[in-house]
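I opened my notebook to record what I looked up in this structure, one entry at a time. I keep the terms beside the values, for a reader who is new to them.

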Amino acid sequence: MRRHRRVVPFWAPRRRESLPTLRNPWGPVHPAGDYQLAMPSLADAATSGENAARAVLAGLGR
């Protein structure tokens, strides 16, 4: 996974097929961000981050 500064989400043809994989946790790692959505937005990215944080805390028993 990489973080890019100031980019616009763009999915090349047939690359959106990977979205279900990006929505699922990889063990203790919970991906978050607007790239997981069909129509990305800052608000949805923040919500995605909050959901991932809650999942991590639940996994830690907190």
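**Entry 1: E50 and helix 2**

I looked up E50 and found it partly exposed, because its relative accessible area is 45%, where buried means under 20%, exposed over 50% and partly exposed in between, with a 1.4 Å probe and protein chains only. I noted that E50 is found in helix 2, and that helices (H or I, at least four residues) and strands (E, at least two) are DSSP runs numbered from the N terminus. The C-alpha atoms of E50 and G33 are separated by 9.9 Å, although the two are 17 residues apart along the chain.

I wrote down that this is a predicted model, in which local features need pLDDT of at least 70 and side-chain atom pairs count only at pLDDT 80 or more, while totals for chains, interfaces and linings use all residues. Residues are numbered from 1 along each chain as its sequence is written, and side-chain values use heavy atoms, with hydrogens and water left out.

**Entry 2: the whole chain**

I read two helices and zero strands in the chain. Of its 62 residues, 11% count as buried. The chain exposes about 5,400 Å², and carbon and sulfur atoms supply 57% of that area; accessible areas come from the Shrake-Rupley method with a 1.4 Å probe, and for residues only the protein chains shown count as cover. I also looked up contacts (heavy atoms within 4.5 Å): among those between residues at least 6 apart in sequence, 26% join residues at least 24 apart.

I checked the span of helix 2: at 1.5 Å a residue its 18 residues should span 26 Å, and its end C-alpha atoms are 26 Å apart, which agrees. The expected span is 1.5 Å times one less than the number of residues.

Is S48 buried or exposed? S48, which is found in helix 2, counts as buried because its relative accessibility is 12%. A polar atom of the S48 side chain lies 2.9 Å from the backbone nitrogen of G33.

I then turned to P25, whose place is in the loop between helix 1 (19-23) and helix 2 (42-59). With a relative accessible area of 45%, P25 is partly exposed. Leaving out residues up to four places away in sequence, P25 touches H30 and P31.

I noted 9.5 Å between the C-alpha atoms of V29 and A55, which are 26 residues apart along the chain.

**Entry 3: after helix 2**

Where is L60 found? L60 is in the segment after helix 2, and I count L60 as exposed because its relative accessible area is 54%. Helix 2 is followed by G61, whose phi is positive, near 80°.

Terms used. Polar contact = N/O pair within 3.5 Å; in protein donor to acceptor, adjacent residues only side chain to side chain.
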